[in-house]
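The following exercises are meant to be worked through with the sequence and the model side by side. Each opens with a task and then gives a solution in steps.

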Amino acid sequence: MKTIVQAANTRGGSHHGWLKSKHTFSFADYYNPQRVGFGALRVINDDHVDGGMGFGDHSHANMEIISIPLSGKLKHGDSMGNHGIIRSGEIQVMSAGTGIVHSEMNADDIAPVKFLQIWVVPNKLDVTPRYQQVSLVDLLIHNQFSQVLSPHPEDAGVWIHQNAWFSVGEFDKGVTTTYALKSALNGAYVFVISGKVVIDGQTLDPRDGLAVSETKNFTMDVLEDAQVLVMDVPLNS
């Protein structure tokens, strides 16, 4: 098994007053030739948006864009006519395909919204744009990794145009669990949202990332109550 730690304090960042963003991989003005993604996974942005602020209308094409609010309320609008609020405990995906214009605003005038925005390169170009939003409440099983994203429309959770699977777990201190990769062509990127865990002898703290490859599975020991996201993605994309 090959593992590479990408600690939270080594991430790039951008600060625009109302926006505080940490970039796991190269994004916008942050460029690191050693951090240009992990296979099909190209962006993990950890965003903090002040009350009443946000990203106005902007466009995307040929990218699978996943948003996971961690706290607060995210207001979404797009050129397909979708409008609504995404809250902690939900996941949203957009297949940008041939092109989409959307906005992401803090739905609260005072409290900040914190969310992860993740980009995955699709395996099909120029698809018809689509939008999906689901609650994770009924999908999550305590103390195990629960699948929330897949390539299959019939699966629970959301789906994207890529052979990728995302799983989220909320774990108690002292739990040991094993994650099995979904494909021999994939690697797993582990992102610790909160708490502390150990994988392959590497201790991971909040917002640390671990790139895992050349293995069929990995085992995780939970040192402190933790919430962990695993992104199981093709390595050759």
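**Exercise 1. Trace the salt bridges around Asp46.**

Begin with Arg207 and Asp46, whose side chains meet in a salt bridge at 2.7 Å, N to O; the term stands for a side-chain nitrogen of Lys or Arg within 4 Å of a carboxyl oxygen of Asp or Glu. This pair links distant parts of the chain, since Arg207 lies in the loop between strand S18 (202–204) and strand S19 (209–213) while Asp46 belongs to strand S4, 161 residues apart. Strands here are DSSP runs of E with at least two residues, numbered from the N terminus.

Before going on, note that this is a predicted model, in which local features need pLDDT of at least 70 and side-chain atom pairs count only at pLDDT 80 or more, whereas totals for chains, interfaces and linings use all residues. Residues are numbered from 1 along each chain as its sequence is written, and side-chain values use heavy atoms, with hydrogens and water left out.

Next, turn to Arg11, which forms a salt bridge with Asp46 through N and O atoms that are 3.1 Å apart at their closest. Arg11 sits in the loop between strand S1 (2–6) and strand S2 (12–15), 35 residues from Asp46.

Then ask why Asp46 counts as buried. Its relative accessibility is 11%, and buried means under 20% relative accessible area, exposed over 50% and partly exposed in between (1.4 Å probe, protein chains only). Arg11 is buried as well.

**Exercise 2. Decide which side chains of strand S12 (residues 130–135) are buried.**

Recall that in a regular strand the side chains alternate between the two faces of the sheet.

Notes. Helices (H or I, at least four residues) and strands (E, at least two) are DSSP runs, numbered from the N terminus.
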